[in-house]
Amino acid sequence: MTDLPGIVITGASGRMGRMLIRLVMESSEARLVGAVERTGNDWIGRDAGALIGEPDTGVIVTDNALEAFAKAQAVIDFTSPAATVEFAALAAQARAVHVIGTTGLMSDDLAKISTAARHAVIVRAGNMSLGVNLLVQLTKKVAAALGPDFDIEVIEAHHKHKVDAPSGTALMLGEAAAEGRGLNHAEVAVRGRDGITGAREPNTIGYSAIRGGDIVGEHDVLFAGEGERIVLRHIATDRRIFARGALRAAIWGQSMHPGEYDMVDVLGI
């Protein structure tokens, strides 16, 4: 068992954190060696297994990320942009693979993550599922094939607790569509419409975000032409798909050289 890569889960008390702890505990390909939470969290000092209703693991939840990372071969991180940037530097210092599922990262955050990737493997994706990453590739191909006569809209829906919009997955899809069209995504993205907006500008990519209830994640890419529409859709019904993808990325990264990767690299698609 000690030959298996040791995994640290950050944001241990969150929904994804708890799911990841359980998944790593059940895995025959990895072992849980750490769980990290913010200072003051009620989970600090308690056994990670017991906190999710499982037998004790001997892994005590801590707020000392560097100490936890030093014992690990990989860190799986679904937290907040500020925490993820800090964890990227610490994971690089520990030479641990850093799998980032955090969304809402800004350009300054990404620049700091890129700096950390000079020293360690970083796998970052707005969505860790196989289906979504296949959808990204399809979106790029369809956007290229249809050309500018088809308008592109990305529509996404998530639970009421999600704090960022558009979702990281929606942005992945929009960026893929822009790449397929040979466009600069930052210049053509339309993040919201309100009031008298005027007619739709050609070669733009629109975003719509729905928030409500317990929706896990739904994403549509709409290609609307004259007389016909094409819709590419992915619906997630179980968050375990994201956890399984993240664990797969953590294991895959063990054989890679320092640098930035995404789930397309992990899945080889």
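This is a predicted model: local features need pLDDT of at least 70, side-chain atom pairs count only at pLDDT 80 or more; totals for chains, interfaces and linings use all residues.
Start at strand 4, residues 97-100. In a regular strand the side chains alternate between the two faces of the sheet. Here V97 and V99 point one way. H98 and I100 point the other way. All of these residues are buried.

Now look to the neighbours. Strand 3, residues 74-77, runs parallel to strand 4, and four bridges join them. In one of these pairings, A74 meets V97 of strand 4.

V99 has V123 of strand 5 as its bridge partner.

Turn next to the pockets. The largest has a volume of about 1100 Å³. Its lining counts 48 residues, and M16, F78, T79, S80 and T102 lie nearest its centre. Helix 4 returns here: it gives the largest share of that lining, five residues. By class, the lining of the largest pocket has 16 nonpolar, 24 polar and eight charged residues.

The second largest pocket has a volume of about 710 Å³. Of its 29 lining residues, R124, G168, L171, M172 and E175 are closest to the centre. Helix 7 gives the most to this lining, with six residues. Helix 5 and strand 5 are among the elements that each supply at least two. The lining of this second pocket has 13 nonpolar, nine polar and seven charged residues.

Definitions and conventions: Residues are numbered from 1 along each chain as its sequence is written. Side-chain values use heavy atoms; hydrogens and water are left out. Buried means under 20% relative accessible area, exposed over 50%, partly exposed in between (1.4 Å probe, protein chains only). Two strands pair if DSSP finds at least two bridges between them. On a 1 Å grid over the protein atoms alone, a cavity is a set of points where a 1.4 Å probe fits but cannot get out, and a pocket is an open set with protein on both sides within 12 Å along at least five of seven lines; lining residues have an atom within 4 Å of a point. Grid points are joined across faces, edges and corners, and a volume is the space filled by probe spheres set on the points. Ala, Val, Leu, Ile, Met, Phe, Trp, Tyr, Cys and Pro count as nonpolar, Asp, Glu, Lys and Arg as charged, and the others, Gly among them, as polar.
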